[in-house]
Amino acid sequence: RAVSGRGLWVAVLSAMLMIAFSAFFRFGILRDATEIASPPASFGQGALSLIAVVLIPAVCEEYFFRGVVMLEYRFAGVIGSAFFSALLFAAVHLSLSLFVLYFVCGLMLSFVVFLTSDVKMAVISHMIYNLYALFWERDVYLLAYDEESRVLFLAMAGACVLLALWGLLKVSETLLRERAEDEPPVRVPKGKGFFVFSDIVSAPALWLVAIAFLLFTLLDHFL
């Protein structure tokens, strides 16, 4: 599938929204400083980081969660498959404090695939976010924790969230209008919602990840 201009806009705007939400949620609300990467100290380290931190996680995670998982649970409709994909995506990161952040990002990346019908767009969006986390997240953290610049940080983060959301909604409206007649969304048959929900929550993969997440959280808390 050829990469479309509107698809790229969706990927870029979604990445901007995830970055702005992450900064606002982590540093503005939680004031959480865990899992902040240090920028590479050399060119060689930077090149390796681009592959190990930016490229590989984005490709592997998106083709699994937004490719395999969403396809497997397409019978649950757009909302059900996106919810289950995002839930697994958040759980496998094994971070209780950042679970909400990962879940929201998982939903956003699922939305990218739904809008563009192209997992590559989610990969691009994920890579942009990983670039931010690798090179610029520490600078945003320092800006947020400086009392003299905290108000400026909150204003900038909030403005970026609103701006990215507005742009994404504008592009989404155009794409959805174009696809409305040709590609109707998958819907859960009437009266089958309970059975679809039961299939999702009873999935072995969900329980395995949930148990691993719970064990890791308990070990991290007590050890």
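Visitor: In which loop is the place of Leu94?
Guide: This is a predicted model: local features need pLDDT of at least 70, side-chain atom pairs count only at pLDDT 80 or more, and totals for chains, interfaces and linings use all residues. Residues are numbered from 1 along each chain as its sequence is written, and side-chain values use heavy atoms, with hydrogens and water left out. Helices (H or I, at least four residues) and strands (E, at least two) are DSSP runs, numbered from the N terminus. Leu94 has its place in the loop between H3 and H4.

Visitor: Is Leu94 buried, exposed or partly exposed?
Guide: Leu94 is not a glycine, although its phi is positive, about 50°. Buried means under 20% relative accessible area, exposed over 50%, and partly exposed in between (1.4 Å probe, protein chains only). Leu94 has 28% relative accessibility, so the class is partly exposed.

Visitor: What is the phi of Ser117, about?
Guide: Ser117 is found in the loop between H4 and H5. At 30% relative accessibility, Ser117 counts as partly exposed. Ser117 is not a glycine, yet its phi is positive, at about 55°.

Visitor: Which backbone nitrogen does the side chain of Ser95 reach?
Guide: Ser95 sits in the loop between helix H3 (77-92) and helix H4 (99-116). Its relative accessible area is 6%, so Ser95 is buried. A polar contact is a pair of N or O atoms within 3.5 Å; within protein, one must be able to donate a hydrogen and the other to accept it, and residues adjacent in sequence count only if both atoms are side-chain atoms. At 3.4 Å, the side chain of Ser95 reaches the backbone nitrogen of Leu98.

Visitor: How many helices are there in the protein?
Guide: Read along the sequence, the pattern is α-α-α-α-α-α-α-α-α. The protein has 0 strands, and its helices number 9.

Visitor: What share of the accessible surface of the protein belongs to carbon and sulfur atoms?
Guide: Of the 223 residues, 40% count as buried. Accessible areas come from the Shrake-Rupley method with a 1.4 Å probe; for residues, only the protein chains shown count as cover. The surface comes to about 12700 Å², and the share of carbon and sulfur atoms is 73%.

Visitor: Which residues touch the most other members of the largest nonpolar core?
Guide: A nonpolar core is a set of buried Ala, Val, Leu, Ile, Met, Phe, Trp, Tyr and Cys residues joined through side-chain atoms within 4.5 Å. The largest one has 42 residues, and those touching the most other members are Val10 and Phe27.

Visitor: Which residues does Gly7 touch, not counting residues up to four places away in sequence?
Guide: Gly7 lies in helix H1 and is buried, with a relative accessible area of 1%. Its C-alpha is 8.9 Å from that of Val171, 164 residues apart in sequence. Contact means heavy atoms within 4.5 Å. Not counting residues up to four places away in sequence, Gly7 touches Thr116 and Met121.

Visitor: What is the angle between the planes of Phe65 and Phe89?
Guide: Rings of Phe, Tyr and Trp (its six-membered ring) pair if their centres lie within 6.5 Å; planes under 30 degrees apart count as stacked, over 60 as edge-to-face and the rest as tilted. The whole structure holds 9 aromatic pairs. Phe65 and Phe89 form an edge-to-face pair, 5.5 Å centre to centre, with an angle of 80°.

Visitor: How many residues apart are Phe65 and Phe89?
Guide: Both Phe65 and Phe89 are buried. Their pair links distant parts of the chain, with Phe65 in helix H2, Phe89 in helix H3 and a separation of 24 residues.

Visitor: How far from the ring centre of Phe89 is the charged end of Arg66?
Guide: Phe89 is buried at 3% relative accessibility. A charge sits over a ring if NZ of Lys or CZ of Arg is within 6 Å of the ring centre and within 35 degrees of the ring normal. The charged end of Arg66 sits over the ring of Phe89, at a distance from its centre of 4.5 Å.
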